[in-house]
Amino acid sequence: MSEKVIEVKNISFSYSKDSPLIFENISFSVEKGDILCVLGPNGTGKTTLIKTLNKIHEINDGEILIDGKNIKKLSYSDISKYIGYIPQGHVPSFPFTVFDVVLMGRSPYISLTSSPKLRDKKIASDALKTLGIYHMKDKEYTNLSGGERQLVFLARVLAQEPDVLILDEPTNHLDFGNQIRLLQILEQLSNLGLAIIMSSHYPDHAFLSANKVAIMKDKTFLGFGSPEEVLTESNLKETYGIDVELIELDNGRKICIPIKSNFKLEMDNYASKYQSKKE
């Protein structure tokens with residue numbers, strides 16, 4: 001029997017009663033071990049959707065259930081015990097050590113008048129070891145590369161011992177190698193039973209690591225299901241406005257290839273101005 005850790009039922013969101021809806025009628029669920037990749041063009045509401053899943057934004061209508069509990073009835077501390085969240089473009093402010101940054105992940109379990117216990121420190125150390133970065137524990141967080149910081153922040157989230165990891169464009173600003181390494185880490189974490197929800201700009205990331213895909217467009221889901229069901233050439237063309245070709249590799253994995261179109265800018269006016277300027 002599957003274990004749903006997040007259920008989303010017909011939710012909608014707008015920033016105020018008088019502003020237009022950012023999205024509407026969205027429903028899905030994730031279970032232990034799932035990796036859901038949310039794709040869609042810029043400005044379609046992927047980040048906003050992700051922020052409703054941990055109550056940073058409160059939905060207008062519908063329900064979000066976390067482990068069967070309505071998110072509206074949960075405190076932020078309670079939510080932090082279920083959900084680990086990595087936002088887009090985290091910028092470090094203070095030169096804490098890597099270990100101290102990861103130890104902060106234990107804050108939902110520590111009262112304001114208490115100090116971290118030996119168990120909390122062991123959990124932080126184990127999170128660093130799980131990601132293979134324990135050797136960095138005494139380094140200053142502010143002196144790390146973008147890829148290293150992303151791993152440290154992931155270790156901090158793992159120290160929360162959540163059931164769900166939510167990541168907003170986790171590969172943003174990472175080089176090609178670190179993108180693939182991070183996706184492999186997420187896949188291994190899902191094999192341990194964590195449910196993972198991430199947004200991405202790259203359909204190939206869904207083929208690489210996800211077992212569920214959602215495409216957001218025009219305020220709702222254009223499709224939801226397995227990568228093979230949802231990531232079709234017609235769906236991708238409708239989503240991004242370009243022709244694509246899906247190619248299956250020898251190992252069975254598909255890749256998405258954009259096709260250059262005959263689109264040409266009307267540049268006659270610019271060209272004549274540029275030429276006259278040179279003369």
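Reader: How does the lining of the second largest pocket divide by class, into nonpolar, polar and charged residues?

Author: Please note that this is a predicted model. In the lining of the second largest pocket, twelve residues are nonpolar, two are polar and two are charged.

Reader: What is the volume of the second largest pocket?

Author: The second largest pocket holds about 280 Å³ of space. It is lined by 16 residues, and those closest to its centre are Tyr-202, Pro-203, Asp-204, His-205 and Cys-256.

Reader: Which elements give two or more residues to that lining?

Author: They are α6 (176–191), α7 (203–209), α9 (233–240) and β12 (254–259). The most comes from α7, with four residues.

Reader: And the largest pocket: what is its volume?

Author: The volume of the largest pocket is about 330 Å³. Its lining has 16 residues, with Ser-80, Ile-83, Tyr-85, Arg-156 and Gln-160 nearest the centre.

Reader: How many residues of the lining of the largest pocket are charged?

Author: One is charged, while nine are nonpolar and six are polar.

Reader: Which element gives the most to the lining of the largest pocket?

Author: That is α2, with three residues. At least two residues each are supplied by α2 (76–82), β6 (83–86) and α5 (146–159).

Reader: Turning to the sheet, in what order do the six strands lie?

Author: The order is β6-β7-β8-β3-β9-β10, in an open sheet with mixed pairing. At the edges are β6 and β10 (220–225), each of which pairs on one side only. On average, neighbouring strands of this sheet are turned by 15° against each other, direction ignored.

Reader: How many bridges join β7 to β8, and do the strands run parallel or antiparallel?

Author: Strand β7 (residues 164–167) and strand β8 (residues 195–199) are joined by four bridges and run parallel.

Reader: Which strands does α5 lie across?

Author: The helix α5 lies across β6 and β7, and runs at about 165° to β6. Both α5 and β6 also supply residues to the lining of the largest pocket.

Reader: And which strands does α9 lie across?

Author: Those are β3 (35–39), β9 (212–217) and β10, with α9 running at about 35° to β9. The helix α9 also gives two or more residues to the lining of the second largest pocket.

Definitions and conventions:
Residues numbered from 1 in each chain as written. Predicted model: local features only at pLDDT ≥ 70, side-chain atom pairs only at ≥ 80, totals over all residues. Heavy atoms only, no water. 1 Å grid on protein atoms, 1.4 Å probe; cavity = no way out; pocket = protein on both sides within 12 Å on 5 of 7 lines; lining within 4 Å. Points joined across faces, edges and corners; volume = space filled by probe spheres on them. Nonpolar A, V, L, I, M, F, W, Y, C, P; charged D, E, K, R; others polar. Pairing = 2+ DSSP bridges. Axes fitted to C-alpha atoms, helices over the stretch in contact; angles between N-to-C directions. Contact = heavy atoms within 4.5 Å.
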